[in-house]
4 protein chains.
Amino acid sequence: MGLGRRRWISGSSVYNDVLSIPNLEDRIRPTFTKTANSKLSILTWPTPPRNVLIVKKRHVPVVRGALVSLARHLKGNYPSTNIILEPSTAHSVHHELDFPVYTLPPSESNTPFPYTQSTYPRTPQLNPRQTHIPQIPQPSTSETGDKAINVVEELGPGGERLYHDKTDLLITLGGDGTILHAASLFSACRMVPPVLSFAMGTLGFLGEWKWEEHAEAVGEAFAGGAMVLRRERLKVGVYDDDGKRVTGEWEFESIGDAHAMNEVNIHRGKSPHLAIVEVFVDGRFLTEAVADGMIIATPTGSTAYSLSSGGSIVHPSVSSLLLTPICPRSLSFRPLVLPADCVLTLKLSAKNRAGKVEVSVDGRHWGGIGRGEEVRVWAEKIDGDKGGIPCLKGRIGGREDDGWVGGLNGLLKFNYPFGEEE
Amino acid sequence: MGLGRRRWISGSSVYNDVLSIPNLEDRIRPTFTKTANSKLSILTWPTPPRNVLIVKKRHVPVVRGALVSLARHLKGNYPSTNIILEPSTAHSVHHELDFPVYTLPPSESNTPFPYTQSTYPRTPQLNPRQTHIPQIPQPSTSETGDKAINVVEELGPGGERLYHDKTDLLITLGGDGTILHAASLFSACRMVPPVLSFAMGTLGFLGEWKWEEHAEAVGEAFAGGAMVLRRERLKVGVYDDDGKRVTGEWEFESIGDAHAMNEVNIHRGKSPHLAIVEVFVDGRFLTEAVADGMIIATPTGSTAYSLSSGGSIVHPSVSSLLLTPICPRSLSFRPLVLPADCVLTLKLSAKNRAGKVEVSVDGRHWGGIGRGEEVRVWAEKIDGDKGGIPCLKGRIGGREDDGWVGGLNGLLKFNYPFGEEE
Amino acid sequence: MGLGRRRWISGSSVYNDVLSIPNLEDRIRPTFTKTANSKLSILTWPTPPRNVLIVKKRHVPVVRGALVSLARHLKGNYPSTNIILEPSTAHSVHHELDFPVYTLPPSESNTPFPYTQSTYPRTPQLNPRQTHIPQIPQPSTSETGDKAINVVEELGPGGERLYHDKTDLLITLGGDGTILHAASLFSACRMVPPVLSFAMGTLGFLGEWKWEEHAEAVGEAFAGGAMVLRRERLKVGVYDDDGKRVTGEWEFESIGDAHAMNEVNIHRGKSPHLAIVEVFVDGRFLTEAVADGMIIATPTGSTAYSLSSGGSIVHPSVSSLLLTPICPRSLSFRPLVLPADCVLTLKLSAKNRAGKVEVSVDGRHWGGIGRGEEVRVWAEKIDGDKGGIPCLKGRIGGREDDGWVGGLNGLLKFNYPFGEEE
Amino acid sequence: MGLGRRRWISGSSVYNDVLSIPNLEDRIRPTFTKTANSKLSILTWPTPPRNVLIVKKRHVPVVRGALVSLARHLKGNYPSTNIILEPSTAHSVHHELDFPVYTLPPSESNTPFPYTQSTYPRTPQLNPRQTHIPQIPQPSTSETGDKAINVVEELGPGGERLYHDKTDLLITLGGDGTILHAASLFSACRMVPPVLSFAMGTLGFLGEWKWEEHAEAVGEAFAGGAMVLRRERLKVGVYDDDGKRVTGEWEFESIGDAHAMNEVNIHRGKSPHLAIVEVFVDGRFLTEAVADGMIIATPTGSTAYSLSSGGSIVHPSVSSLLLTPICPRSLSFRPLVLPADCVLTLKLSAKNRAGKVEVSVDGRHWGGIGRGEEVRVWAEKIDGDKGGIPCLKGRIGGREDDGWVGGLNGLLKFNYPFGEEE
Ligand SMILES: NC(=O)C1=CN([C@@H]2O[C@H](COP(=O)(O)OP(=O)(O)OC[C@H]3O[C@@H](n4cnc5c(N)ncnc54)[C@H](O)[C@@H]3O)[C@@H](O)[C@H]2O)C=CC1
Ligand SMILES: NC(=O)C1=CN([C@@H]2O[C@H](COP(=O)(O)OP(=O)(O)OC[C@H]3O[C@@H](n4cnc5c(N)ncnc54)[C@H](O)[C@@H]3O)[C@@H](O)[C@H]2O)C=CC1
Ligand SMILES: NC(=O)C1=CN([C@@H]2O[C@H](COP(=O)(O)OP(=O)(O)OC[C@H]3O[C@@H](n4cnc5c(N)ncnc54)[C@H](O)[C@@H]3O)[C@@H](O)[C@H]2O)C=CC1
Ligand SMILES: NC(=O)C1=CN([C@@H]2O[C@H](COP(=O)(O)OP(=O)(O)OC[C@H]3O[C@@H](n4cnc5c(N)ncnc54)[C@H](O)[C@@H]3O)[C@@H](O)[C@H]2O)C=CC1
C-alpha cells in the first residue's frame, strides 16, 4: 500500500483495511448506444469497470452475507475491482474480507457511528431550506475506545461528489427501498453510474435480477453489451414568494438540482386540514387542488405512491410527468400524464389553513413549504451519457427483455384473476 | 333575577348578564315519530323548547351579526327562550343583547380566555389515552385586570354534561365544520338535541337551511311536526394489546363512548412509511391494509374524507358503516359498505415500521395508537329518543323533503355535465 | 302409483317415471326467525320438506354425476322426498334413478326437446313488451320416434307458478350463473323457497357450500334451525311515455313484478352512441347520465357487474339500492348507494341518438326501451315469510357464519397483497 | 373553364358548377419545423394553399350558413382558392355560391343521393373483412328527374385517394364528431393535410378555434408560420388465427393500414356475456382480460371513451398508447400507458362464450372478430411530413399556446370545485 494512502481505520491483525474513496482512480464513463427499441440502450465500457459501489439493505443478515459473497466473487473473478461501501457497511463487513474496502472519509459524512436509527435516512440535508447542517454530537473516542467510531454513516455535503467521481458501477442488494437509497446517493448528479440491482427476499418492483443470477449478471455488467433502461428522474427546486430559488449549502454549485427517482409529493402531513395547492403547467394556471396532497411522479414512480393514489401505470420508457392528486376534495380530479418537457409547479395557496405543508422526495421527508412558496419540477433530460438512472435489465421470470410486464403480473398482481380459493 | 343565581360575569351598566348554564331548568325531551319514509321522523315537543344553544363559526363578522339577530328574534318571538352560547361567543356578544345569555361556568371549561387559537379545537380530551387533563395555566386576573378572563372557551370534563342536560334545541350558524364542532359538544352523549343548521356564506353539504329562511325555520322547529333526519354516528373505542379498553378521565361513566358524525380514521401522518393495519369485521380477520390510512365513515361522512379517498356516496338513511382505504398499496382494495351492526376493528400491525399512527375523529386529531393497539368502531343504535343527530330538514333549493339530491348536484357537482365554457 | 296420476313419460322397463309437478302436494312454508345478528334468520319447517327442486349447471358431466348422487342421497336418507327437475334434466337423468322424478308438464314449457342451445336461456318471456310468445316449431313425434320429445326444457307462462306452488327446497349445483338461473325460475314470485347452493368446479361468489359437505348441508337444511341470509331482490317494471305500465302476457296477474337478484341494467348495446338517460329518485330528478349504460344493483349484485363498473362492495345485509354508471362521460359521476325504500327510474332521454337502448336483468337480455320510456326499480320488501331469496349459509373456508368475507378474499382477491411471484 | 374539365352537374342558370376533384391540381405539401417546445411544430407552405376541403356537421342550419360564409370569405380573400366539399354538402350549397365547388365524382362514392341516414357514417368499408362493397341500389335518374341524383354522398374506395391527392388544407365546422369524421376521410393516408377546426355550437374538446375568429384563423393558416400540433394516430390491422393479415378491397395497396384518431375498441356489444380477450405487448402475453371490452387509445383519445372507462388524461404530445379496460371483471386492472413503439394485440380467447365481439374505430362500428382472431395496433410514426393529424393551434379562451389546459377546465370540468349552488 502506497505511502500517500491515508489509512484511517488501522489495519490491525484482525481487521482489514478500510480506505478512503479519494484514494481511488477516477471513474470510467460508459457509453449508451440507442437500440431500435426506444426503451433500451446498450452499455459499453471503454475499459472494464473497476470501482464498484455496493449498497445493501440494512439489518438483514442474509443480505449482509450476500454482500460478502459478492465482494469476494468480484475480487476473485475481476481482480482489479475495488469495492466501495457506505461507511457503516464498510465498518461492519471489512473484517470478513481479505482485501481492503473503500468508503467515505469521516469528514465527508455526517452521522456518528455507531449507527442507531432503525431505518436509514437517505441523502440527508437534501432540503435546501435547512442551511445549517445540524450539529451532530460526535461521540468521543473514549466512549468507544476505538478510532473506528469515527467511521460515520451517511453522506455529507462532499460525499455525493466522491461517490460520483469514483463509482464505475453501482450494485444494490435489497428491495426497492435500497435502490431508492442508492439513487439518492447520486441525487445531485447528472451522471449516475450503471445500476445492477439484486432483489433479496421480498421481490420489489424495481429489482431486476435474482440473487441466484449474480455471477451471470456481474459478467454481463462487466463485459459491456448489456441492455440498459435509463430511468428518467425529476429535478426539484423550491422557490419563494418572489420566485427566487431557495438554496442551501448542501448543493453542488456546479451540478444543480436534486433529482427524484419515484416522485416528489406535498402532503398536509399531520395537519388535519386539507392542503390548498395551486398547480401550474409551464407557468400557466391549471387548477387549484384541495386535497391531502399532490404527487408529481416519474413513470418509474407510477407503480409507487401514484398507483396507490389512483394513477395509471406508465411504462418507464414513456417520457412523461405524472400529476396525481392524493385524496382530492373533488369528484372530477382525474390523474394527468404530462409531457416530459413541461415545468410543473405546486404552490401553496395563501388560503391554506395550515402555515406549512410537507414536501417529500422518494418517500423521504424533505422539508416544508409555506404559503406562497412553491415546488417546481422538471423531468431530467437524457442527453448523451448524462441523465437518468441506467438500470441493467435483468431476467427475472425468464423474460427476455422487458421485466416490466413480469413485474406487473408477478408483483403488482395486475388484473389478478378472480377464482379458486387457495 | 333570583337569589340563587350565580352571576359570574358582573352585569355592569354596559354589559348584560352572562349566566351559568346550571341555572337553567332541565331540557325537554322531544319524541321522534317514524314516517312511511324510513328516512325521516316527525319531531314533537311535549312542551315548547326553551333552552337554545347557538353555535357559530368563528371569526366571521357576518356570522356574529346573524347570531345577534337570531338571539333577538328568538327572545322577541318566543319570550321564554334562554340563549346558551359557548363561552367565548357569550363573552363577545352578550353586551349587544338586552337579555342574559348562558354559558359554561369557568370550572367546566379548559381554555383560558382570551381565546387565541386560530382555529378552534373541538371537544378536547376526547382521547382516552390522555388520562390527565393538561394543566392549562390560568391567566391571573391581574394580567387582564378583569374577572372576565375567567370566561373560558372550551368544554371541560363536565361541560358536555351541562350542554347535554340543559339544551333543548341546537342551532348552528356556519358550514359543515360548525355542525361537526357542535356535534362534538355532544359526542359523549346518547341524546343529542335536535339541530337546526343554517348555512352561512359558502354552502356546506350538511347545512339544511338558508339564513334567509330563519324565521320560518325557527317557527317549524318550535312548533313541532318538523321533519327530522336522524344521522347515525359511530362509537369509537381504543383497546390495548390485551383487548382492554383504554379509558381516560374525560369519559362520562354512565354514557360511555365518544361518537363521530363523519368518520374515524387512522393515518400514517408525518411518518413517511406506509401504515400496516389489520382489519377485522366482527372480530374475524378481513384483510391487512398497507396504506396511508383507513377510514371508517358513517353515510353522513360518505361525502367527506371517504369521498376523496374513492368511496361511494351513501345516502344518510342507509344504515351502514363504510370502510374506505386511503391510498392503499394494492390494486384490489375496493371500498366496502358494511352492515351497521358490525364491529369494525383497525389494529396496528406489529409489522408497522413507525411506532405509532394517528387517529382522527371528524377531522380532528384524537391521538395515536401503537403496534398491537386497535380502534374499534360500532354504528350507534338509534333507539327511541336515543341515538343519532336529529337534523331538522330544510328547504335549500326549494326541495320538499330530501336536500341530499340537491346537495349532490348543487354542492358536490355530482355528474357535472361536460360542456360550454363559462 | 295412484290412479289420478298423469304419467306422461311412459315408465318403460328401462326408464323410470317422469311425473308431472301438479301431482305433488303443495309446498310447506317455512318460517324465518330473526336473530340478534340482523344479517341472518333461522329457518324452521312446520313439517320436514319433501319436494326438492334441484337445478344444475348444463353440459358439465361431473355436475350431472353429482345430481344423481344427490338425488339418491336424498331419497335414501329422507324417503318421503320428491325430486323435481327441470324438463331437460329430468329427461337426461331419470333413467339412472330407481324412483320417479317430477318436472313441468309439456304444456307449461316452451322449448322443444332436444334442447340444443349451447347456453341455456333463463326464464323466457320475461320481457313484458313481447306480448306474443314466439311460436316455437314443435318437433313432430315422427322426427324423434318418441313421445319424449315433448319433454320440453324451459319454463312457460304457467311453469313459474308450478315451481312456486310445489317446491319446498331449492338446491343448485353449479356456479353463480346456476343460482341466477334458479332464482329466475322464481322471479315473478314473492316466496322463493330456501336455496341450498353447492359450488361445483370453479367457485362462484354466491355458492355457499362445497360439494363435499353435501350430506351435512342437506341434514342442516332438512332439520331446520339452519342460518339463512335473505338476499333482497329488485322489482322491475317498464313504463311508457304516459307513465302507463307496459305489461305482457307473461305476467302473473296476482303476483306482479319480475325480480332481479343481481341487477337491472340499461346499455347502449350495439349502438355506437352514448346513451342519454334521466335518473330519478322517488320521482325527483337526480341527474342526466350520458354513458354506456346504467346499473341498478342489489347488494348481492354489488360484486357482479356493478363491481366491474367501479361500484363499492356492499354487504348483502345492508338494505339498499346501488346506482352505478357504466362508462359515464363525466369526471364526476360517483356510484351511489341509496335507501331500499326509494323508487329509482331510468328514463331514456328524448335526446338519445339511438331509438332504443337495451335492458338486461341479471345478465340476460330482457328487451329494449325507446325514447321517453322508462324502467322503474324498487327493492323488494322482506315481510314475514315473503320476499328475498333465503340462502342457507355455508361453511366454505371453515368460516362460521359469514361466507362473505371469505368470498371477498378467496374469490375476488380483495386487497390481494403485492409480492412474491408464484 | 378548360375544355378537359368534366362538368358533371350541369351549371344551369340557377346552380353553379359542381366539378370533379380530379380537375384540381395536385396538393401542396407543407413542411413542419420542430420547435423548442416538443409539443408543437411550425407549419410552412412552399406556395400558398389553394385546395381547401371543408367538412361540416350535418343537419344544423347555422353550420350550413357558416360554411357558405367561409367559402365566400376564402374565395374573396384568397382568389385562387378552390373549395372542395363532400358530395352531399356540395349538392346542398353550390347554388348559393357564385363560383364552382369540387367534389368526388360519382364513381368514387357509394351512397346514393338524397342522403337519408340520420347520422352520417364515416369512411365506409373500413372493415377489411367485408371484402365486397355492398351493392347500393343506384336511384335512376327518372326517379328524381335530375342528373343531380348522381351526386353521391360518401367516400368510395377511390375517394380517399382523391381527397388525399388534392387537399392542401382541411377545415372542419362542427364538434369533435366532425373532426373525427374529417379525419376518417384520410384514415388510410399517411399525409393528412393540416386541419383548421372551428367549434360550432356546443364546444368540443378537439375544436381549436371559435367561429368568430375565422378570418384571423384562415389568415394564419394561409400565411404559414402557424403552430401545429401533430396528433398521433393508431394503425389498426386484423389478423386471423394463423397470424395472416385479413385484408379487404377497400385498402390502398400502397398505403396500408387504417388509422384511428381516438381509439380502437373491442366490446361484447349485444352479447350478454363478458368478453375474454388476451392482451399482448410486443407479442408477449400481458394479461387475459375478462371485461365488457378493451380500449386502445391515443393520447388524443384519452379524453374520449378511455376517460369514461377510468383512464388517465394524457397530453397529446406524450407519445404513447393507452390500454384501458371497459368494466373489467377484476379488482386489479388498472389502465396502462405504454410506449408508442409497442405493438398491442387484442386476441379473442378461444374461451369466449360469444362467437364474436365487436370492433369499433373512433366510435364507429368497424366489424367483428371471432375466437382466435386478433386486432393489432401500433402508434403511427411521425416522420418528416408524414404521420399524425396536423392540427392548427387555436386561441380558444385567449390561451396563448396550449388549448389543452383550457379544454380540461372549460369543457371537461376537470377538478371542478365544490361549492356554491348556481
Ligand atoms: N400510500 C402509499 O402508497 C405510499 C407510498 N410511498 C412510496 O414509497 C416509496 C419509498 O419506498 P421505501 O423507502 O421502500 O418505503 P416503504 O418501505 O414505505 O415501502 C414502499 C413500498 O413501495 C414499493 N416501491 C417503491 N418504489 C416503487 C416503484 N417505483 N414501483 C413499485 N413499487 C415501489 C416498495 O417495494 C415498498 O413495497 C416512495 O417513493 C413512495 O412512492 C410512500 C408513502 C405512501
Ligand atoms: N382529503 C380530504 O378530503 C380530507 C377531508 N377531511 C374531512 O374534513 C372533515 C372535517 O371538516 P372541517 O373541520 O370543516 O375541516 P376542513 O375545514 O378541512 O374542511 C373539510 C371540507 O369537508 C367538507 N365536509 C365536512 N363534512 C362533510 C360531509 N359530511 N359531507 C360533505 N362535505 C363535508 C367541509 O364543508 C369542507 O369543505 C373531516 O371529518 C373529514 O371528513 C379531513 C382531512 C382530509
Ligand atoms: N362487465 C361485467 O362485469 C359484466 C358482468 N355481468 C354480470 O354477469 C351476471 C350474469 O352472470 P352469468 O349468467 O354467470 O354470466 P357470465 O357467465 O357472463 O359470468 C359472469 C361472472 O360474474 C360472476 N357473478 C355473477 N353474479 C355474481 C355476484 N352476485 N357476485 C359475484 N360474482 C358474480 C359469475 O361467477 C361469473 O364469473 C350479471 O348479473 C352481471 O352482473 C354481465 C355483463 C357484463
Ligand atoms: N361511454 C363512452 O364514453 C363512449 C364514448 N365514445 C366516444 O365517442 C367517440 C366518437 O365521437 P362521436 O362520433 O362524436 O360520438 P358521440 O356523438 O356519441 O359523442 C361522443 C362524445 O365524445 C366527445 N369526444 C369525441 N372525441 C373526443 C376527444 N378526443 N376528447 C374529448 N371528447 C371527445 C364528443 O364531443 C362527444 O361529446 C369515440 O371515438 C369514443 O371515444 C363512444 C362510445 C361510448
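## Chain C against chain D

In this predicted model, chain C and chain D bury about 2000 Å² between them. Carbon and sulfur atoms give 52% of that area. Three residues of chain C stand out: S308(C), R329(C) and L331(C). They supply 27% of the area that chain C buries against chain D, more than any other three residues. The contact draws on 25 residues from chain C and 25 residues from chain D.

Polar links cross this interface. The rule finds two salt bridges between chain C and chain D. One pair that meets in a salt bridge is K270(D) with E358(C), at 3.6 Å from N to O. Nine residue pairs are in polar contact across the interface of chain C and chain D, with both residues at pLDDT 80 or more. On the side of chain C that touches chain D, α7 (305-308) and β18 (320-328) each supply at least two residues. By class, that side of chain C has 10 nonpolar, eight polar and seven charged residues.

## Symmetry of the C–D pair

Chain C superposes on chain D by a rotation of 180°. The shift along the axis is 0.0 Å, and the RMSD is 0.0 Å. The two copies are thus related as by a two-fold rotation axis.

Which surface does each copy use? Of the interface residues of chain C, 100% are also interface residues in chain D, so the copies meet through the same surface.

## Chain A against chain D

Chain A and chain D bury about 3700 Å² between them. Carbon and sulfur atoms account for 54% of this area. On the chain A side, R334(A), N415(A) and F418(A) supply 18% of the area buried against chain D, more than any other three residues. The contact involves 46 residues from chain A and 46 residues from chain D.

How many salt bridges does the rule find between chain A and chain D? The count is zero. Polar contacts are present: 25 residue pairs, both residues at pLDDT 80 or more, link chain A and chain D.

Several elements of chain A build the side that touches chain D. Those giving two or more residues are β16 (284-297), β17 (313-314), β19 (336-339) and α8 (403-410). The largest share, six residues, comes from β16(A). The residues of this side of chain A divide into 22 nonpolar, 14 polar and 10 charged.

## Symmetry of the A–D pair

A rotation of 180° also superposes chain A on chain D. Here the shift along the axis is 0.0 Å and the RMSD is 0.1 Å. Which residue of chain A comes closest to the rotation axis? That residue is S312(A), with its C-alpha at 3.0 Å.

Again the surfaces match. The interface residues of chain A are 100% shared with the interface residues in chain D, so the copies meet through the same surface.

## Domains within chain A

The contact takes 14 residues from domain 1 of chain A and 14 residues from domain 2 of chain A.

Domain 1 and domain 2 of chain A bury about 1400 Å² between them. Of this, 67% is on carbon and sulfur atoms. In domain 1, L180(A), A188(A) and R231(A) lose the most area to domain 2. Together they make up 35% of what the domain 1 side buries.

## What lines the domain contact

On the domain 1 side that touches domain 2, the elements giving two or more residues are α4 (159-166), α5 (176-184) and β11 (227-231) of chain A. Of these, α5(A) gives the most, with three residues. By class, this side of domain 1 has eight nonpolar, one polar and five charged residues.

Methods:
Residues numbered from 1 in each chain as written. Chains lettered and ligands numbered in written order. Predicted model: local features only at pLDDT ≥ 70, side-chain atom pairs only at ≥ 80, totals over all residues. Heavy atoms only, no water. Contact = heavy atoms within 4.5 Å. Buried area = accessible area lost by both parts, 1.4 Å probe. Salt bridge = Lys/Arg side-chain N within 4 Å of Asp/Glu carboxyl O. Polar contact = N/O pair within 3.5 Å; in protein donor to acceptor, adjacent residues only side chain to side chain. Helix = DSSP H or I, 4+ residues; strand = E, 2+ residues; numbered from the N terminus. Nonpolar A, V, L, I, M, F, W, Y, C, P; charged D, E, K, R; others polar. Least-squares fit on C-alpha atoms with pLDDT ≥ 70 in both.
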